[in-house]
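User: I would like to learn how to read a few features of a protein model. Please show me the general idea and then the case at hand.

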Amino acid sequence: MKKIVVATLLISASFAGIARAESSTSCDVAKDKWLSEAAMKAKATELGFEVRQIKVENGCYEVYGIKDGNKVEALFNPETGTQVGED
């Protein structure tokens, strides 16, 4: 019984670490160096995204849209337009 409880706790802790690591993505870039929202949309479109909406989250551009037929939420560095994460 103890082994089951310990295994459950370890698995839960590892999932919590994964979720925290994914949400801790931040883009530390001065606002005056950011691409415009239109430029970010163009960049995402070039990468194959059908952009529905763009927001700012943790200093990154968050692009909501469709890619390869699937709904996606992708995070982009606002200065370079490179993808830095996905939700």
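This is a predicted model: local features need pLDDT of at least 70, side-chain atom pairs count only at pLDDT 80 or more; totals for chains, interfaces and linings use all residues.

Analyst: Residues are numbered from 1 along each chain as its sequence is written, and side-chain values use heavy atoms, with hydrogens and water left out.

User: Which pattern does the chain follow along the sequence?

Analyst: Helices (H or I, at least four residues) and strands (E, at least two) are DSSP runs, numbered from the N terminus. Here the order is α-α-β-β-β-β, that is, two helices and four strands.

User: Is M40 buried or exposed?

Analyst: Buried means under 20% relative accessible area, exposed over 50%, partly exposed in between (1.4 Å probe, protein chains only). M40 has 0% relative accessibility and therefore counts as buried. M40 lies in helix α2, residues 37-46.

User: Which residues does M40 touch?

Analyst: Contact means heavy atoms within 4.5 Å. Not counting residues up to four places away in sequence, M40 touches L35, I54, Y61, F76 and G81.

User: What is the nearest side chain of opposite charge to E62?

Analyst: Lys and Arg count as positive and Asp and Glu as negative; His and the chain ends are not counted. A salt bridge needs a side-chain nitrogen of Lys or Arg within 4 Å of a carboxyl oxygen of Asp or Glu. For E62, in strand β2 (residues 60-67), that nearest side chain is K55, 6.4 Å away; E62 is buried and has no salt bridge.
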